There are 2 protein chains.
Amino acid sequence: VAALSASSLSGLPEICRGDDLAELIVQCAGSPPTDGTLGDQAIVVIAHKVVSKAEGAVIALADVTPTTRAIEIALEQGKDPRAVQVVLDQSQEIVRAANGVLISRTPHGFVCANAGVDTSNAAHDEELIVLPRDPDDCARRLRARLRELTGSAPAVLITDSFGRAWREGQCDVAIGCAGIGPLDDWRGRTDSAGRELRATWLAIADSIAAMADLARTKSSREPVVIVQGLERYVVAEDGPGALALVRPLEGDLFR
Amino acid sequence: VAALSASSLSGLPEICRGDDLAELIVQCAGSPPTDGTLGDQAIVVIAHKVVSKAEGAVIALADVTPTTRAIEIALEQGKDPRAVQVVLDQSQEIVRAANGVLISRTPHGFVCANAGVDTSNAAHDEELIVLPRDPDDCARRLRARLRELTGSAPAVLITDSFGRAWREGQCDVAIGCAGIGPLDDWRGRTDSAGRELRATWLAIADSIAAMADLARTKSSREPVVIVQGLERYVVAEDGPGALALVRPLEGDLFR
């Protein structure tokens with residue numbers, strides 16, 4: 001039985017600005033890595049928080065001066081005005097502000113709560129973690145560095161937890177990737193009898209992100225998960241990245 | 001390493017109305033099933049198409065007389081009026097009709113393209129497969145029947161492929177489930193230092209659905225996938241079902 005599997009990598013230290021994340025991952029995987037963990041056919045799935053921390057995509061609340069607009073929204077939605085300001089700074093558009101939730105369109109084009117800014121703890125923490133400026137580029141650089149360190153180039157996927165418009169709860173999705181086709185297009189392909197094989201256009205990278213999040217054990221902090229058994233989707237070139245998953249504005253029926 | 005895994009079950013025959021799906025799954029799993037495949041800790045993930053077929057949730061286009069509204073929408077959106085009529089019949093509301101896509105709210109409350117009706121092939125096929133009337137009940141009955149046949153009660157999850165408002169492609173989500181908590185709520189839980197452990201409300205059942213779809217090989221038809229390694233989410237009671245994943249109307253910011 002050809003099985004698909006995912007395991008979290010344990011032992012990663014707290015990540016700080018400037019850390020060589022790829023090197024830390026290689027250290028955690030052991031030497032040599034077991035079972036093709038960082039091999040050419042594996043997918044290394046990384047929660048964006050550690051990528052953001054490593055590249056310094058962190059904002060100290062003490063440095064933030066909220067604008068009038070941020071103060072107004074904060075009052076309406078019951079939030080910290082400085083945290084709202086950070087969300088505004090990380091948004092190209094606020095799509096909705098209601099029920100204490102800000103739904104943003106980020107500069108990358110992602111539509112998500114709070115522009116992906118971790119504001120859950122704004123009252124207690126001094127720092128907010130924001131999305132990397134270019135998560136696809138982060139994925140490509142991590143992949144290149146893994147190749148440099150080990151000789152192998154697993155696919156790299158960077159994830160975040162997004163809510164959904166009509167469903168409760170969150171699932172992880174891909175916000176950056178390298179070495180994997182983010183979408184698998186079966187639309188219109190037919191079998192020998194002329195019947196459509198599968199009327200679908202599969203968001204492979206998002207499904208992998210969701211799967212990887214399940215491999216994290218409950219209370220632990222395990223930002224890195226190794227997925228194996230999807231070698232059919234892992235490719236030598238870095239590919240279009242997760243931006244291919246962003247629906248263009250002209251196709252958005254829910255602005 | 002505690003790994004999460006998924007494998008598709010091969011050998012399931014074409015499913016017809018009245019088939020005992022649980023019995024066919026047991027037959028395919030072998031006797032005794034290997035590696036806890038249908039054990040109390042496994043999750044049996046089933047694409048809804050076979051569930052719909054088994055319960056006769058299939059509509060012959062020849063039996064459909066389109067209303068004026070269906071004919072109008074069909075003309076506007078370039079669709080078969082009879083297929084549009086079936087979508088209208090399966091919707092409590094058409095949320096959007098644009099770009100050749102109908103976004104429906106189904107009687108269950110799911111918001112998805114074409115009310116989950118498989119219209120991709122309407123021009124060639126004589127039958128359309130619709131969603132089961134009560135997918136949670138289907139999941140509970142399948143689970144009870146598996147218990148009857150094998151003495152074990154794996155969790156059962158019924159899935160469909162849904163598009164997303166702002167992302168290209170589709171991911172599988174749970175439309176019915178039994179024996180698994182569909183959501184895992186970490187909101188507000190804190191560690192001993194008073195820091196929030198994880199600011200998330202995880203849509204476990206949807207992540208499992210997405211994962212299971214990855215275990216299907218490309219060209220084959222494998223509606224049943226066995227997921228193992230998530231025993232922490234499998235519970236003896238059937239639980240609230242996938243309806244718990246539907247966001248109530250009053251929380252919908254995108255009507």
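## Helix 3 of chain B

Which residues are exposed on the other side of helix 3 of chain B? In this predicted model, they are Thr68(B), Leu75(B) and Glu76(B). The helix runs over residues 68–77, and its buried residues are Ala70(B), Ile73(B), Ala74(B) and Gln77(B). Looking down the helix axis, these buried residues fall within an arc of 100 degrees, so they line one face of the helix.

What covers that buried face? The cover includes helix 4 (81–89), strand 4 (93–98) and strand 5 (101–105) of chain B. After helix 3 of chain B comes Gly78(B), with a positive phi near 65 degrees.

## How the two chains are related

Chain B can be superposed on chain A by a rotation of 180 degrees with 0.0 Å of shift along its axis, giving an RMSD of 0.0 Å. This is the relation of a two-fold axis. Within chain B, Ser5(B) has the C-alpha nearest the axis, 2.1 Å from it.

## The interface

Let's turn to the interface itself. In this predicted model, 68 residues of chain B are in contact with 67 residues of chain A. The two chains bury about 6,200 Å² between them, with 54% of it on carbon and sulfur atoms. Trp166(B), Arg167(B) and Leu214(B) supply 14% of the area that chain B buries against chain A, more than any other three residues.

Between chain B and chain A, 32 residue pairs are in polar contact. On the side of chain B that touches chain A, at least two residues each come from several elements, including strand 1 (4–8), strand 8, strand 9 and helix 6 (204–214) of chain B. Helix 6 of chain B gives the most to that side, with eight residues.

## Salt bridges between the chains

Six salt bridges are counted between chain B and chain A. In one salt bridge, Arg167(B) pairs with Asp206(A), and the closest N and O atoms are 2.8 Å apart. This pair crosses between chains, from the loop between strand 8 (155–163) and strand 9 (170–178) of chain B to helix 6 of chain A. Are these two residues buried or exposed? Both Arg167(B) and Asp206(A) are buried.

Another salt bridge joins Arg164(A) and Asp206(B), where the closest N and O atoms are 2.7 Å apart.

## Salt bridges within a chain

Over all chains, the count comes to 36 salt bridges. In chain A, the side chains of Asp238(A) and Arg143(A) meet in a salt bridge at 2.9 Å, N to O. The pair links distant parts of the chain, 95 residues apart: Asp238(A) is in the segment after strand 12 (224–228), and Arg143(A) is in helix 5 (residues 135–150). Asp238(A) counts as partly exposed because its relative accessibility is 23%, while Arg143(A) is buried, with a relative accessible area of 1%. Chain A also holds a network of salt bridges linking Asp20(A), Glu23(A), Arg145(A) and Glu148(A).

In chain B, a salt bridge joins the side chains of Arg105(B) and Asp252(B), at 2.9 Å, N to O. Arg105(B) lies in strand 5 of chain B and Asp252(B) in the segment after strand 12, so the pair ties together parts 147 residues apart in sequence. Arg105(B) and Asp252(B) are both buried.

How values were computed:
Residues are numbered from 1 along each chain as its sequence is written. Chains are lettered from A and ligands numbered from 1 in the order in which they are written. This is a predicted model: local features need pLDDT of at least 70, side-chain atom pairs count only at pLDDT 80 or more; totals for chains, interfaces and linings use all residues. Side-chain values use heavy atoms; hydrogens and water are left out. Buried means under 20% relative accessible area, exposed over 50%, partly exposed in between (1.4 Å probe, protein chains only). Helices (H or I, at least four residues) and strands (E, at least two) are DSSP runs, numbered from the N terminus. The arc is that of the directions from the helix axis to the C-beta atoms. Contact means heavy atoms within 4.5 Å. Copies are superposed by least squares on the C-alpha atoms of residues with pLDDT of at least 70 in both. A salt bridge is a side-chain nitrogen of Lys or Arg within 4 Å of a carboxyl oxygen of Asp or Glu. Buried area is the accessible area (1.4 Å probe) that two parts lose on being put together, summed over both. A polar contact is a pair of N or O atoms within 3.5 Å; within protein, one must be able to donate a hydrogen and the other to accept it, and residues adjacent in sequence count only if both atoms are side-chain atoms.
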